[in-house]
Amino acid sequence: MTFHTHHTRQMTGWVGWIWFGGMMMVLAGLFNVITGLTAAFANRIYVQTPNRLLLFDLTTWGWLHFALGLLLLATGIAITVGQAWARMVGVVLVMLNALTQLTWIAVNPWWSLAVIAVDVLVLYALIVHGREAELD
């Protein structure tokens, strides 16, 4: 005689944090795509200053922001639907996003600081509350 135990995971109100994190990643992805395309094709909009942390030219940063934006967008969607792999990938991508914003700070300082602050909240959501929203 075998007994099968079925464990169900209780969802609490904290699960909203992971959905917040996923949706903020989608939004950050869309913003990065727009910023990246703007920097790549209409780089006269941004003013590059000498002797700053900006390691590449604006066009290169534009393409990097575009690629990171697409990855953030796809991973954010995967997080909101409960994919377990997306949490770890999301943590790495959000940390990369914060680092790219740090290097982009010479070009757009207030925006970069705001994005870094939101990235910290998303990291909190993914690390602390992420397991609750995963599919079994």
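Let me start with a definition: two rings of Phe, Tyr or Trp (for Trp, the six-membered ring) make an aromatic pair if their centres lie within 6.5 Å, and the planes count as stacked under 30 degrees apart, edge-to-face over 60 and tilted for the rest. With that in hand, there are five aromatic pairs in this structure.

A quick word on the model, everyone. It is a predicted one, where local features need pLDDT of at least 70 and side-chain atom pairs count only at pLDDT 80 or more, while totals for chains, interfaces and linings use all residues. Residues are numbered from 1 along each chain as its sequence is written, and side-chain values use heavy atoms, with hydrogens and water left out.

Helices here are DSSP runs (H or I, at least four residues), numbered from the N terminus. Phe31 is partly exposed at 34% relative accessibility, and Trp111 is partly exposed too, at 33%; that class lies between buried, under 20% relative accessible area, and exposed, over 50%, using a 1.4 Å probe and protein chains only.

Another edge-to-face pair is Phe41 with Trp63, at 5.4 Å centre to centre and 85° between the planes. Here Phe41 of H1 is linked to Trp63 of helix H2 (residues 58-80), 22 residues away. Phe41 is exposed, at 61%, whereas Trp63 is partly exposed, at 40%.

So how do H1 and H4 pack, and at what angle? H1 (residues 15-41) and H4 (residues 109-128) pack at about 145°, with axes 8 Å apart; axes are lines fitted to C-alpha atoms over the stretch in contact, and angles run from 0 to 180 degrees between N-to-C directions. Contact means heavy atoms within 4.5 Å. H1 contributes residues including Trp17, Phe20 and Phe31, and H4 contributes residues including Trp111, Leu121 and Tyr124. Trp17, Phe20 and Tyr124 also form one aromatic cluster.

Last stop, friends: Ser112, also in H4. Is Ser112 buried or exposed? Ser112 is buried, with a relative accessible area of 0%. Its side chain makes a polar contact of 3.2 Å with that of Gln101; such a contact is a pair of N or O atoms within 3.5 Å, and within protein one must be able to donate a hydrogen and the other to accept it, with residues adjacent in sequence counting only if both atoms are side-chain atoms. Leaving aside residues up to four places away in sequence, Ser112 touches Gln101, Trp104 and Ile105.

Conventions:
Helix = DSSP H or I, 4+ residues; strand = E, 2+ residues; numbered from the N terminus.
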